[in-house]
Amino acid sequence: MTERSPGEAHPVLVTLAPILDKTGGRLVDPENATAEDIPVVWEGKTLACVRFGAPEPDTLGGLEKLLEEVAGELGGPLTSLPRADKQRAVRLLEERGAFTFRKSAETVAAALGVTRFTVYNYLNRERA
């Protein structure tokens, strides 16, 4: 194993950074960990711990950002898209983890101007 200079992050922690950004997690020193934190162990050594905070009060700020990104990629408001593009939007949202958020199907349905049942149908079609 190569030595790293002080302040240089371990490659495992660098790899986790974008995942934590998307999920609202953050790294904490093992010395400051609580029972709810998840240790990141590499070769028997705890590098850090992952801490997830409470969801934002504005509910699903991350999901709202994903919806905006997909709308931009598809060229306009999600409600005005034809059915095929709405199906594509659901596929893109699923690929980006949008459906890991609580009540995401309802939020996505409202953004697309369809029912929650329709969103589930789109998801099931993609998974089949």
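Two strands are taken here as paired if DSSP finds at least two bridges between them, and with that in hand one can say that, in this predicted model, Ile 38 stands opposite Val 50 in β3. This position belongs to a chain whose secondary structure comes to five helices and three strands, arranged along the sequence in the pattern α-β-β-β-α-α-α-α. Of the 128 residues of the protein chain, 30% count as buried, and among contacts between residues at least 6 apart in sequence, 48% join residues at least 24 apart.

Strands of a sheet pair through backbone hydrogen bonds, either parallel or antiparallel. Here the three strands form an open sheet in the order β1-β3-β2, and the pairing is antiparallel. Because β1 (25–28) and β2 (38–42) stand at the edges, each with a single partner strand, one side of each is left without a neighbour in the sheet. From one strand to the next the twist averages 35°.

The two pairings can be followed residue by residue. Strand β3 (residues 45–52) pairs with β1 in the antiparallel sense over four bridges; along this pairing Leu 27 stands opposite Val 50, while Val 28 has Cys 49 as its bridge partner in β3. The β2 and β3 strands form a hairpin with two residues between them, and Glu 43, which lies in the turn, has a positive phi of about 50°.

Leaving aside residues up to four places away in sequence, Asp 37 touches Val 28, Asn 32, Cys 49, Val 50 and Arg 51. The C-alpha atoms of Asp 37 and Arg 51 are separated by 4.9 Å, although the two residues are 14 residues apart along the chain.

The helical part of the model can be approached through α3, a helix of 13 residues that reaches 18 Å from its first C-alpha to its last, close to the 18 Å expected at 1.5 Å a residue. Its buried residues are Lys 86, Gln 87, Ala 89, Val 90, Leu 92 and Leu 93, and what covers them includes α2 (61–74), α4 (104–112) and α5. After the helix comes Gly 97, whose phi is positive, near 85°.

On the α3 side the contact is made by Arg 83, Lys 86, Gln 87, Val 90, Arg 91 and Glu 94, and on the α5 side by Val 119, Tyr 122, Leu 123, Arg 125, Glu 126 and Arg 127. These contact residues divide into four nonpolar, one polar and seven charged. Among them, Lys 86, Gln 87 and Val 90 of α3 are also listed as buried residues of that helix.

Key
Residues are numbered from 1 along each chain as its sequence is written. This is a predicted model: local features need pLDDT of at least 70, side-chain atom pairs count only at pLDDT 80 or more; totals for chains, interfaces and linings use all residues. Side-chain values use heavy atoms; hydrogens and water are left out. Contact means heavy atoms within 4.5 Å. Ala, Val, Leu, Ile, Met, Phe, Trp, Tyr, Cys and Pro count as nonpolar, Asp, Glu, Lys and Arg as charged, and the others, Gly among them, as polar. The expected span of a helix is 1.5 Å times one less than its number of residues. Buried means under 20% relative accessible area, exposed over 50%, partly exposed in between (1.4 Å probe, protein chains only). Axes are lines fitted to C-alpha atoms, for helices over the stretch in contact, and angles run from 0 to 180 degrees between N-to-C directions.
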